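Subject: Structure handover

Hello,

Here is the structure you asked for, with notes on what came out of it below.

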Amino acid sequence: MKKASQSNSQRSSSWALAGLSLTMLMPSLATSTANIALPDLARTFAASFQAAQWIVLSYLLTVTALIVAVGRLGDVLGRRRLLLIGTIIFAGASLLCGLSPSLELLIVARVAQGAGAAIMMALTMAFVGAVVPPERTGSAMGLLGSMSAVGTTLGPAVGGLLIVWAGAKAIFLINVPIAGLALAIAIGTLPRDLPRTAATALRFDVGGMGLMVTALTAYALTLTLSRGQFGLLNAAALIVAFAASIGFVAVEIKVTSPLVRIDMFRNRELVAGLAANVLVSAVMMATLIVGPFYLTKAISLRPAAAGLILAIGPLAAAIAGVPAGRIVDRFGSERAALAGLAALAVGATALSVVPASFGIAGYAVPIVVMTTAYGLFQAANNTKIMTRANAAERGVVSGLLNLSRNLGLITGASAMGAVFAWGTAVRDVVTASPKAITAGMHSTFGIAAILIVVSLLISVRAGSDVLRREAAAAG
C-alpha cells in the first residue's frame, strides 16, 4: 500500500513538473520566434524595421517590468491561482497577436502576452519546492533551464517553418495549444493554494509595484532607445529610473507589507547569487552579439552556415540542463555553481585569445564550454537561492532571480555591444575588416572573463560559510 502511494506521488510530481516545463518553454519560444519573424511582420504591416522592433521590445520590457511584482502577487493571492490566470492571459494574448489587423494592436497584444509570460516565469520556479522532494530540486531546476534553452533553440526553426506554411502571424498562434495543454496539466496536478482572506489581498504593495515598474521600464528604455547612441531621451529615461528607484526604496522601508523587503538584501548569499546572475547573463549576451559578426566576417561563413554554428550554443545548454541538475543534487549547489563559473571563465578566456585561423572549431569549442557551464551555473544558482528562500516569499525571490537575468541580458546587449565596437577600433562595425572583428571579439571576451572572475570571487566569499557547513555535515 505504501509503495502504491509513493508511486502515485511520484507520478503526480512528474506530471506537475511536465506542466511547469511547458510554462517555462513558452516565454522563450515567444521571444525567439518573434525575432526570426520581424522582417516578415514588417512587410505584413508595411512598417519600418524600427517600428517593427517594438513587437519584440514591448514583450521584453513588460516581462522585465512586471516579473518581481507578479511574483510577490503570487505569494499574496496564491501561486496556483495566479499561474493559471497568467497562462490564460498568455494564451488569449497569443491568439490576439495572431489575429491582429494592425501593428499597433499587435504591440498591445504583445504587452498582454508579456504580462502572462512574466507571471509564468516568476511562479514556475517558485512551485518546484512544492511538487518535487528536496533531493530532486537540482534536477528539476536543470530541467526547467533546459526547457527555456529548448525554446530559444527551436524558435528560429519553428518560426521559419510556420512563416513558410502559414504566414508570419502563425508564430503567435502556436502558443495557444501549448498553453492549453500546460493549463490542463496544472489544474490537475499543482497543489491548491491555502485559503486567503480579503485582508491578505489588501496588503499587496500597489505603490511599491508602481514605482518598481516605472524604474525598471525606464532603465530598460535607457538601454534600448536610440540604439547605439545615448541621447536626450536616454538621459531622461535614466533620470526617471534613478528617481523611481529612490522612491521605491523609501516606500518599501515604510510600508507595512512591502513588495520586496529591503532587509532581504542583508542576506549576503542572496545578493551574491543575484549579482552573479546579472554578470553571467551579460556575458552570455556577448556571445549573441559577437558571434554573427565573427563567423560571417572573420572566418567568412555564409549566413546559413553561421546560423547553424550559432545554434550550437543554445543546443548545448538544452542538452546540459538535466545532467547539470543531477550534478547539483549529487555535489551540492554551492560547489556546482563555483564549478560552472570556473568553466565559464575558461571558455571566455579562450575566446579572448583564439586566432581566426583556428576557424569554426576555435569558436565553437569555447562556446560549447561556456553554454554548458552556464547551464550548470543556472541550475546550481537557482537551486541554491530558491531552497534557502522563505517559503512565503518564493514568488518574489523567483521574480528577483528572473529579473536579475533579464537585467543582465539587457545591460549586456548595450554594454558588451559597446565594448565590441570599441575593440574593433573602427567607426562602423558592419564594414570592419576581419582583423578588426577578431580584435573586437578578443576585447569583448577579455572583459567577459574579468566579469566572470569577479562573479566567482563574490560567490566564493559569500559561500565560504556554506561550504564549511557542508563539509562539516559530510564529515
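F420 is buried, with a relative accessibility of 2%; buried means under 20% relative accessible area, exposed over 50%, and partly exposed in between, with a 1.4 Å probe and protein chains only. Before the rest, two notes on how to read the values. The model is predicted, and local features need pLDDT of at least 70, side-chain atom pairs count only at pLDDT 80 or more, and totals for chains, interfaces and linings use all residues. Residues are numbered from 1 along each chain as its sequence is written, and side-chain values use heavy atoms, with hydrogens and water left out.

Aromatic rings

A pair of aromatic rings is described by the distance of the centres and the angle of the planes. Rings of Phe, Tyr and Trp (its six-membered ring) pair if their centres lie within 6.5 Å; planes under 30 degrees apart count as stacked, over 60 as edge-to-face and the rest as tilted. By that rule there are two aromatic pairs. One of them joins F293 and F420, and is tilted, with 5.6 Å from centre to centre and 50° between the planes. F293 belongs to helix α13 (residues 268–298) and F420 to helix α18 (residues 394–424), so the pair ties together parts that are 127 residues apart in sequence.

The chain as a whole

The protein chain has 19 helices and zero strands. These are DSSP runs, numbered from the N terminus (helices are H or I, at least four residues; strands are E, at least two). The radius of gyration is 22 Å, close to the 23 Å that the globule rule gives for 475 residues, so the chain is as compact as a globular protein of that length. That radius is taken over C-alpha atoms, and the globule rule is 2.2 Å times the number of residues to the power 0.38. Along the principal axes, the C-alpha atoms fill a box of roughly 65 × 60 × 50 Å. Of the 475 residues, 52% are buried.

Empty space

Rolling a probe the size of a water molecule over the atoms shows where empty space is left. The search runs on a 1 Å grid over the protein atoms alone: a cavity is a set of points where a 1.4 Å probe fits but cannot get out, a pocket is an open set with protein on both sides within 12 Å along at least five of seven lines, and lining residues have an atom within 4 Å of a point. Grid points are joined across faces, edges and corners, and a volume is the space filled by probe spheres set on the points.

How many cavities of 30 Å³ or more does the whole structure hold? The search finds one. The largest cavity has a volume of about 40 Å³, and its lining includes A16, G19, L83 and A186. Two or more lining residues come from each of α1 (2–44) and α9 (175–189), and α1 gives the most, with four. By class, the lining has six nonpolar, three polar and no charged residues. Ala, Val, Leu, Ile, Met, Phe, Trp, Tyr, Cys and Pro count as nonpolar, Asp, Glu, Lys and Arg as charged, and the others, Gly among them, as polar.

The second largest pocket has a volume of about 470 Å³. It is lined by 20 residues, and the closest to its centre are M212, L216, S245, L403 and L407. The elements that give two or more residues to this lining are α11 (206–224), α12 (232–254), α13 and α18. The largest share, five residues, is from α12. The lining divides into 18 nonpolar, two polar and no charged residues.

Backbone

Most residues other than glycine have a negative phi, and most peptide bonds are trans. S300 has a positive phi, near 60°. S300 is in the loop between α13 and α14 (303–310) and is exposed, at 56% relative accessibility. Phi of A425 is also positive, near 60°. A425 is in the loop between α18 and α19 (434–474) and is exposed, with a relative accessible area of 68%.

Regards
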